[in-house]
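Hi everyone, thanks for coming. Let me put the structure up, and then we can walk through a few places in it together.

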Amino acid sequence: MNTIPNRIIVEKTREQYPVGTVVILDKMADEQAPPVNTPGIVTSVDDIGTIHVDWLTGSTLGVAYPVDECHIASPHEAALYYIAKESKRQQSNPNKPCFCLRCGEEMDGIRRHALSRRADVIICDSCGTEESIEDAVKAGVMKGEDPLTIEEWYVVKKNTGARCPYYIKATEEIENGEVVGYTVTVPEKPEAIGHCEHPDEIIPTGEKLMEEV
C-alpha cells in the first residue's frame, strides 16, 4: 500500500500548517516521541507531507503522514505554549535579568519574585499582587476589573502580534452542560462575531473576521 501522499495532500497540509503554527501532538508512532498533548511550533512541511515541529520538550521529531497526528492549538493552548517556552528559557538561568511574562516589565531574574496564579511560572511582584486582587474581585470580595486572561499576557502578544490567528477569543457555547459550539471574536473588531461547532474551525473563523478589519 502506498502511504506517500500526493502533491495535493502535501500542499493542503502546508496550507493548513504554515510555519509558526502552534500544534498539539495527538499521537506519534515512535519510541522517542514526546508525550501526547505536548505543544510545539511548526518549522516546515516537507515534500512527503511530514510536519516538522520544534516541540516544547526539545524534540524535533516530525509528524509523519499518515501514521502520526497533531492538531492546531486553540488560542488558550497556544498562549500556554508561549508562556511555558519563555519560562523554560528563563529557568535555565534564573539569575539573569529578564522580563515579566505577564506585563513585560524588567526583572532582575526569576528568583525572589511571585508565582503566578494562572500558570506555573514566575511573574513580577506587581503582577502577583494584581492577580491576588483579581481573584478577590472574582470571588466577590471587592470590586474591580475582570481578570487578565493569559491570552492577553505580554509574552503571548510578543510572540503572536495583534493580528496573528492566535490572538482570537473563543468562548464556549454550552447547552445542557455540554459544549455545542464556539463564539469567536477578534480584538480589532469587537462588533464582528463568528460561530463554529468544532475547535479546529476557531482559527479559520477568526481569520475570516480579521479580513474585514
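Let's start with asparagine 176, which sits in the loop between strand 9 and strand 10. When I say helix or strand, I mean DSSP runs numbered from the N terminus: helices are H or I with at least four residues, strands are E with at least two. Before going on, please keep in mind that this is a predicted model, where local features need pLDDT of at least 70, side-chain atom pairs count only at pLDDT 80 or more, and totals for chains, interfaces and linings use all residues. Residues are numbered from 1 along each chain as its sequence is written, and side-chain values use heavy atoms, with hydrogens and water left out.

Back to asparagine 176: its phi is positive, about 55°, although it is not a glycine. Most residues other than glycine have a negative phi. Asparagine 176 counts as exposed because its relative accessibility is 82%; exposed is over 50%, buried is under 20%, and partly exposed is in between, with a 1.4 Å probe and protein chains only.

Now the strands on either side of that loop. Strand 9 and strand 10 (residues 178-185) pair in the antiparallel sense over 7 bridges, and pairing here takes at least two DSSP bridges between two strands. Within that pair, glutamate 173 stands opposite glycine 181 of strand 10. The open sheet has 3 strands in the order 9-10-11, with antiparallel pairing. Strand 9 (169-175) and strand 11 (194-196) each have a single partner strand, so one side of each is left without a neighbour in the sheet.

Next stop, a different loop. Proline 66 is in the loop between strand 3 and strand 4, and a cis peptide bond joins tyrosine 65 to proline 66, with omega about -5°. Most peptide bonds are trans.

Aspartate 68 lies in the loop between strand 3 (51-55) and strand 4 (69-72).

Which backbone nitrogens does the aspartate 68 side chain reach? A polar atom of that side chain lies 2.8 Å from the backbone nitrogen of alanine 29, and the side chain reaches the backbone nitrogen of alanine 64 at 2.9 Å.

Methods: A polar contact is a pair of N or O atoms within 3.5 Å; within protein, one must be able to donate a hydrogen and the other to accept it, and residues adjacent in sequence count only if both atoms are side-chain atoms.
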